[in-house]
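Biologist: I'd like to learn how to read a few features of a model. Could you walk me through them?

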Amino acid sequence: MNLAEINLGDLESRCFKPTLAPKAVDWFRAHETDRPVVSRTLRDHRPHGQTVSDRDEIHLRDAMDELLGWYSVVEIGCLIGFFPNPLPEPLATDARTLLSHDDVRPFYERHYPLVLPQHLLRRLEGQGLGEPHPRAAALFIELLEATRVLDEDRDVLSWLRCLDDYRVSKGGVVVSSLDHVLETLESPQLFLEVSADTSSREPLARAVRGFGKFLAFAQDFHRLLERMSDEPLLQSAAWHLNGYWFERLRVRSPEVIDDAVGRLGGWNAHLEGDDADFEPTRRALGEVQDVLRDLASDHYAAALRQGL
């Protein structure tokens with residue numbers, strides 16, 4: 001077993017086997033020829049009448065998201081020569097069969113566009129990109145560590161669902177949504193009322209806490225991307241690993257970047273104290289807005305997107 005095979009086995013044990021992704025592989029194998037089931041399950045949830053509310057269906061779609069996340073990791077590993085080329089079986093066949101399926105492709109190409117799985121399919125069809133670099137392996141591992149918060153932190157996951165236009169209802173009443181989070185940020189009093197109990201599992205409390213954690217992640221992630229500036233394909237691939245969320249951020253930019261973060265900077269109007277004392281905080285929040293705008297732009301996305 002060579003080093004590339006060891007690398008793949010190690011990350012497979014950390015990023016694939018403990019997740020829901022194997023459930024998606026098993027489901028697809030069982031339903032591959034049942035096109036109506038595959039198409040219906042992997043529909044776009046946003047148009048009227050297409051809402052996803054069944055718990056089993058939500059669980060399955062989460063599993064598919066995690067599988068596509070794993071395939072994104074696989075593509076980056078192949079891109080930098082960290083994984084074996086060609087990929088071993090059954091990984092290569094499973095990925096090729098699923099990613100080329102006519103009722104799966106709309107899910108990751110149109111409904112929820114993900115560039116890295118598209119590149120992995122091209123690679124499996126003999127058209128892969130590559131950019132080996134001495135520092136790439138270390139940066140790749142650092143990227144995976146930085147991204148764990150988006151996959152494992154329940155608060156952040158609650159915020160990301162809101163950003164993706166999901167709504168949580170109790171007794172027929174919506175209790176958590178993007179609008180609810182934004183309303184909570186309108187004043188420090190409302191914010192404290194919702195988030196005072198840091199152990200609360202209420203959906204809105206989780207989403208509000210997740211928003212703050214997401215801002216911290218964005219700043220760390222932006223610094224990591226800037227350190228990859230001399231490796232444009234790796235830099236673009238790293239952005240695309242989380243790019244769906246920054247695309248969503250772009251769509252909701254006026255509400256999230258301008259209004260929500262901007263509101264935090266205006267909290268001093270509701271608090272006692274000298275306005276000058278709040279200036280460093282306001283300046284720091286302005287820097288956060290700049291980071292979010294950069295991440296939500298095409299700045300990092302273009303290099304890999306042009307290769308499709």
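Modeller: Gladly! Let's begin with accessibility: buried means under 20% relative accessible area, exposed over 50%, and partly exposed in between (1.4 Å probe, protein chains only). Ala216 has 38% relative accessibility, so Ala216 counts as partly exposed. This is a predicted model, where local features need pLDDT of at least 70 and side-chain atom pairs count only at pLDDT 80 or more, while totals for chains, interfaces and linings use all residues. Residues are numbered from 1 along each chain as its sequence is written, and side-chain values use heavy atoms, leaving out hydrogens and water.

Biologist: Where is the place of Ala216?

Modeller: Helices are DSSP runs (H or I, at least four residues), numbered from the N terminus. Ala216 sits in helix 12 (residues 203-227).

Biologist: How should I read salt bridges, and how many does the structure hold?

Modeller: Side chains of opposite charge can pair when their charged atoms come close. The criterion is a side-chain nitrogen of Lys or Arg within 4 Å of a carboxyl oxygen of Asp or Glu. The structure holds 28 salt bridges. One of them joins Lys213 and Asp153, with the closest N and O atoms 3.0 Å apart. This pair links distant parts of the chain, 60 residues apart: Lys213 is in helix 12, and Asp153 is in the loop between helix 8 and helix 9. Lys213 is partly exposed, at a relative accessible area of 33%.

Biologist: Which residues are linked in a network of salt bridges?

Modeller: That network links Asp10, Arg14, Glu145, Arg148 and Glu152. Within it, Arg14 pairs with Asp10 at 3.1 Å between the closest N and O atoms. Both lie in helix 1 (residues 3-15), 4 residues apart, about one turn of the helix.

Note on methods:
Helix = DSSP H or I, 4+ residues; strand = E, 2+ residues; numbered from the N terminus.
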